[in-house]
Amino acid sequence: MSNYNINKGIGRTVEFKGLKAQYLFIFAGGLLGTLILVMILYMAGVNSFICLFLGAGGASLIVWQTFSLNKKYGEHGLMKVGANKRHPRYIICRKPVHRYLRITTKPDAL
């Protein structure tokens, strides 16, 4: 039986076969989703060769895409790309300038 090292030390991120951090969870979730899809299709009565083809194709697509994302963006790069998409490209100011420069005084206390 093979032994796999999951963690390389204290304070380091989880790594398995080169996949780091969130890519490991994307990988596992994608494979689990593919397995459930194939099981549902098989129980629905779809031809077993079609189920086998969809399962093998989906699993290989998930493996390929996950490793390519890991290689392209690195450990924290995917989160940085997601955060960058949430920021606006530019800020639109539609109020007239005098609205920002209005000075308000406090009323005198009685």
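Colleague: How many helices and strands are there in the chain?
Modeller: This is a predicted model, so local features need pLDDT of at least 70 and side-chain atom pairs count only at pLDDT 80 or more, while totals for chains, interfaces and linings use all residues. Residues are numbered from 1 along each chain as its sequence is written, and side-chain values use heavy atoms, with hydrogens and water left out. Elements are DSSP runs numbered from the N terminus: helices are H or I with at least four residues, strands are E with at least two. From the N terminus on, they run β-β-α-α-α-α, and the tally is four helices and two strands.

Colleague: What share of the 110 residues in the chain is buried?
Modeller: Buried means under 20% relative accessible area, exposed is over 50% and partly exposed is in between, with a 1.4 Å probe and protein chains only. By that cut-off, the buried share comes to 14%.

Colleague: How far apart are the end C-alpha atoms of H1?
Modeller: The expected span of a helix is 1.5 Å times one less than its number of residues. For the 22 residues of H1 that should give 32 Å, and the model agrees, with its end C-alpha atoms apart by 32 Å.

Colleague: How do the rings of Phe-27 and Phe-67 pair up?
Modeller: Rings of Phe, Tyr and Trp (its six-membered ring) pair if their centres lie within 6.5 Å; planes under 30 degrees apart count as stacked, over 60 as edge-to-face and the rest as tilted. That rule gives a count of one aromatic pair. The Phe-27 and Phe-67 centres are 6.2 Å apart and the planes sit at 75 degrees, so the geometry is edge-to-face.

Colleague: Which helices does that pair link?
Modeller: The partners are 40 residues apart, so to speak from distant parts of the chain. Phe-27 counts as buried at 16% relative accessibility, whereas Phe-67 is partly exposed at 33%. Phe-27 is in helix H1 (residues 22–43) and Phe-67 is in helix H2 (residues 48–73), which makes the linked elements H1 and H2.

Colleague: Which residues is Thr-66 in contact with, leaving aside its neighbours within four places in sequence?
Modeller: Thr-66 has its place in helix H2, and it is buried at a relative accessible area of 3%. Its contacts beyond those neighbours are Leu-19, Tyr-23, Ile-26 and Phe-27.

Colleague: And Asn-70, with the neighbours within four places set aside: what is it in contact with?
Modeller: Asn-70 also lies in helix H2, and Asn-70 is buried, with a relative accessible area of 12%. Its contacts are Gly-18, Leu-19, Lys-20 and Tyr-23.

Colleague: Is Ser-60 buried or partly exposed?
Modeller: Ser-60 has its place in helix H2. Its relative accessible area is 43%, so the class is partly exposed.

Definitions and conventions
Contact means heavy atoms within 4.5 Å.
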